[in-house]
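Hello,

Please find the structure below, with the sequence alongside. My notes on what was found in it follow.

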Amino acid sequence: MDPQTRKNLRCSIADAILATPWTIISVPAGFIISALLNLHYGIRPGMFGLIVSLPAWANASQILLMPFIARFFNARDMTLSMSWLNLGLWIMLTGALPFFPEDNRVAAGQIFLIFFILSSSSAAFMGLGWLAWMRQIVPGEIRGEFFGRRNRYIAFVTLGFLFVSMGLLEWYPDNVSTYQILLGIGMAGRFGALLAQHLIMDEKSNNEPLVQGKWWSQLRVTLVHPGFLAFILFNAWVNFWMNVTGPFSTVFVYEHLGLSPGQFAIFNILATITGAFAMPLWGKFIDRHGCVPAIGLGLLLWQCQNLMWAVLTPENTWLLYPMWLWGGSVAAGFVLGSFNLLLKIIPPGAKTTAISLNLAATSIAAGSAPIIVGLLLDMGDDRGWSQVMMYRVGFVTAPVAILLSLIFLKRIREPAADSRYSTVWGAMRMVRQSMQSFGLATLGNITLIRHRRKNEPSDDNDHDDSDGPLSDNDDSDK
């Protein structure tokens, strides 16, 4: 390995470590921003649902906009330009928070809506550029090992930032200065991460276009592939119902169970720890039994437990501790199995657009759910319905609907492992952002490695048959 490549890899790890607090803060459905919007500014459920859906709509827009935007950028330039734009937006938000109208939740909601439209759009295209850029600079033969080590660092920093968040939110609750400090930590780290990115230099990333002309022909190939479309349908259904309750579970905990954001951070820590420990076990399960059984078992164990949300009251909130411990460990099976199955089932010769189509479909499904739920909560509130009862109906309906998806999962025929897809680093960004809303931060940064047999040939060049930024892997929420 040449010295410049080694320097690039070190800078990429520094980038990941420094940017981790920002990745936790920047998701509007996460527990920090959710507390800011709901507890401090009292934004109505309808507006909150619209705001938390914006990252999904931004992700969905890429399948139409990327072929045009890519004409003006290479991967490195797109990543850096969108990253600085996004950082500037967050710095402005951090500085302006004390001046937002705390006694006018309609005006505050409109300000946050405009902000998250801009930040979500820049983050989506930043992510696509970053994906293509990392694929250019990280040698194919070491991707699995490198991103596995990189994500271990991310897991440690995630835990550290969650502990800091827990302390600040518990000691200084509902204080705008507390949120400014947390945002300031995230922005300072993100600034350092971007400086590290500027040190990454590679001749290929400066000259290779972001997309190379096969986009629409690949889309036609993908649309006539029945196995892959069945998987997309399953994935979209699950993501819709996950986002019916996921973004609003923090609101329920804060407003109806009486817990603080600091206490909610403890649940995130517990799920992060158990998810990290369970991941290797699920990897062995997949090696032995396959992806579909792992998805089915993970969903069954996870959603049966989620039915307990319907019986939670301020008197039995202690149940949340074992629920998050269990949820972090079993949700890992669903996430790990889904990522691997996607890369197994991709139509040959169209993996670029196949992954993009999957992202668009799941994003549309995930983005529509919180809008619908938010409007229903607003309507119920105006008519005097019990919000607690409406939450309980949702907490029963969503897990049951997700479990019904197992019927369709059985129809997906899992192909044998394809040696071209030896490493994956997060091909389904919307699933990962959904995990953030559930407090499963570790599952948002995972590396999936298919173990080769001793006599299986290496795949150093990845046998790349695609031409775009989504061709292989995706760790773009970093």
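**Notes on the model**

Val-396 is partly exposed, with a relative accessible area of 37%; buried here means under 20% relative accessible area, exposed over 50%, and partly exposed in between (1.4 Å probe, protein chains only). This is a predicted model, in which local features need pLDDT of at least 70 and side-chain atom pairs count only at pLDDT 80 or more, while totals for chains, interfaces and linings use all residues. Residues are numbered from 1 along each chain as its sequence is written, and side-chain values use heavy atoms, with hydrogens and water left out.

Val-396 is in helix α15 (residues 387-409). Helices (H or I, at least four residues) and strands (E, at least two) are DSSP runs, numbered from the N terminus. Val-396 also belongs to a nonpolar surface patch with Leu-307, Val-400, Leu-404, Ile-407 and Phe-408, and together these residues have about 500 Å² of accessible area. Patches are made of residues with over 30% relative accessible area and no salt bridge; like charges are joined within 9 Å, and nonpolar side chains (Val, Leu, Ile, Met, Phe, Trp, Tyr) within 5 Å. Accessible areas come from the Shrake-Rupley method with a 1.4 Å probe, and for residues only the protein chains shown count as cover.

On the chain in general: it has 16 helices and 2 strands. Of its 478 residues, 62% count as buried. The chain exposes about 18,300 Å², of which carbon and sulfur atoms supply 66%.

Now the salt bridges (a side-chain nitrogen of Lys or Arg within 4 Å of a carboxyl oxygen of Asp or Glu). A search of the whole structure finds 2. In one, the side chains of Arg-44 and Asp-378 meet at 3.2 Å, N to O. Arg-44 lies in the loop between α2 and α3 and Asp-378 in helix α14 (residues 351-382), so this pair ties together parts that are 334 residues apart in sequence. Arg-44 also forms a salt bridge with Asp-382, with the closest N and O atoms 3.2 Å apart. That pair again links distant parts of the chain, Asp-382 being in helix α14 and 338 residues from Arg-44. Asp-378 counts as buried at 13% relative accessibility, Arg-44 as partly exposed at 24%, and Asp-382 as exposed at 58%.

Ile-43 is in the loop between α2 (31-40) and α3 (45-69). Ile-43 counts as buried because its relative accessibility is 4%. Leaving aside neighbours within four places in sequence, Ile-43 is in contact (heavy atoms within 4.5 Å) with residues including Phe-48, Ile-51, Arg-105, Ala-108 and Phe-112. The C-alpha atoms of Ile-43 and Arg-105 are 5.3 Å apart, although 62 residues separate the two along the chain.

Last, helix α11 (residues 261-289). Its 29 residues reach 39 Å from first C-alpha to last, close to the 42 Å expected at 1.5 Å a residue; the expected span is 1.5 Å times one less than the number of residues. A kink of about 35 degrees lies at Met-279, shortly before the proline Pro-280. The bend at a residue is the angle between axes fitted to the seven residues ending there and the seven starting there. Gly-290 follows α11 and has a positive phi, near 105 degrees.

Regards
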